[in-house]
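Here is a short briefing to read alongside the model. Have the viewer open and follow the residue numbers as you go.

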Amino acid sequence: NSKGYRSSIDIRKSRSMEHSTLRNNIAVTFNHAPFVAAIFSGSGHVHILRFAPTTTHLEIVNSGWISQRLMFGACIDPFHFLTVNKDTCHLNELSRTSSCGKGPCHVAYCRERQLAFVTNYETGEVAVFKIDLETYKFSSVISIVRKGPDDYTRMGRQDGSHPHQAAISPCKSLLFVCDLGTDGINCFRIGEEGELKYSSSFTLHQGGGPRHFVFHPFLSVLYVLHELDNTCSVLRISNQRPVCVDQVVTCVPVDYDGQPPFPFYTRPSHAAEIVISFCGNWVFCTNRGHNSIASFKVDPTTGQLIAAGHTFTKGALPWHAEFVSESLLIVTTQFDRDLESNGFVELYEFDPSRSELLELLSSLSIEEPLCSVICHRS
C-alpha cells in the first residue's frame, strides 16, 4: 500500500554508496543508496530532496507550489497527479481532479490495477479513480462509498465518520478503511472495474481513533495505530478480514503527563504514523506531543509487539515516517521544539544490533513538512 502520490517511478539498479560508522570500536558498513523524495508541506509547497550517501546530507534540489494546503499528498479540495524526473528532479503536474468530498487526507495507489483511492476525512467518502498511464489522466470517478452515521454532531473528533486511510489488502481484492470517527475498520470488495461494495466491519476499542494501519508482509496480522489514545492494536487476519484483537500496546510511556502541544489535542500526545521494516521484524510509531518514535520488536510467530524504547525527534510533532531501505527511515516533524518555527525532514539510520536503534544521520529545516514520498531509489 502507498501513502501520498505514486507517480511514474523508475527504479534502476546501480552500485550503492557505502557509509561506515564505528560501533563498539568495530567498523560497521551500511550500503546506503542515493534516493529522491518529495516533501509535501502544509504551506502548499512540494520540495524535491536528494540524499547523497557520500556525505549523508539531504538537499533541496527543486520546489513548487500546488495548493493552499497539502495533507499527505492530497490537497484540501482537488488532488493531483505529479511526476518527478529521475535525472533533473523536475516536478511536473500532469492532471488534477476533485476528491469527491471534503478534507482529503490520504491517497493510496495500486500499481497493478492502476487505481487511486482517495480518503475524505471531513465528509467520510472514499472515492476510486482509474489512472491512464499513457496520458496520466484520471478517469471520471469509478465509485464513491461511505460507511457511518449520516449526520455529524460537531462535538469533538469522533462526532461521525472520519476515515483517515484506505489501503488494499495483500490479496488485492479488498480495500481496508480505518475510520477515526467511529473506531472501526470497514472492508470493501473491489470489483473488476474498481467499483467498491461493502463487505464487513470490525469494531476497535472505544475512543482510540484509528488513524493508520499497516499489514505484516508475511504474517496474517494487521497493525492499527490509534491517534487519540496513542496506542497500537495487533489484529489477527483470517479469510482476508480482521477477526480478533490479539494485543493493544501503548506508544508512549504510561507515566507520561506532558502538556498537550495545542488546545485541540485531547491528550498530551497523539499518534500519527506507523511503519514496518521491510523484513517485518520491527514496527515504528510516531508520537506528536511526546515527540518520539516508538520502536517495537515483532514476535516472528504471533506478530505481537515487544516494546524496544523511544527515539526523540529533533523537531516537534512527527507526522509521517517511511522506510527508504531496510536501514534508512525518513521522518517529517511539523515544527521546531518551540512550536514556532520550521520543522525538519529527519533521516535516521536503523541498526537493530545497537541499543539505540535509530541514529539521526541528517536533518533539513523546511516549513511545516507533513509527508514524504520516495520518488526514486537507485
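How many bridges join S15 to strand S16? There are five, and the two strands run antiparallel. Please keep in mind that this is a predicted model.

**The S15–S16 hairpin**
- S15 (residues 163-168) and S16 (residues 174-179) make a hairpin, with five residues lying between the strands.
- In the turn you will find Lys172, whose phi is positive at about 70 degrees.
- Across the pair, Ile168 stands opposite Leu175 in S16.
- Six of the six residues of S15 are buried, so this strand is largely enclosed by the rest of the structure.

**The four-stranded sheet**
- Four strands make up an open sheet in the order S27-S28-S29-S30, and their pairing is antiparallel.
- S27 (316-325) and S30 (358-366) are the edge strands, each pairing on one side only.
- On average, neighbouring strands in this sheet are turned by 20 degrees against each other, with direction ignored.
- Eight bridges link S29 (residues 342-350) and S30 in the antiparallel sense.
- Phe344 has Ser365 of S30 standing opposite.

**A loop proline**
- Pro34 sits in the loop between strand S2 (26-32) and strand S3 (35-41).
- Pro34 has a relative accessibility of 25%, so it counts as partly exposed.
- Although Pro34 and Val324 are 290 residues apart in sequence, their C-alpha atoms are 9.7 Å apart in space.

Conventions. Residues are numbered from 1 along each chain as its sequence is written. This is a predicted model: local features need pLDDT of at least 70, side-chain atom pairs count only at pLDDT 80 or more; totals for chains, interfaces and linings use all residues. Side-chain values use heavy atoms; hydrogens and water are left out. Two strands pair if DSSP finds at least two bridges between them. Axes are lines fitted to C-alpha atoms, for helices over the stretch in contact, and angles run from 0 to 180 degrees between N-to-C directions. Buried means under 20% relative accessible area, exposed over 50%, partly exposed in between (1.4 Å probe, protein chains only).
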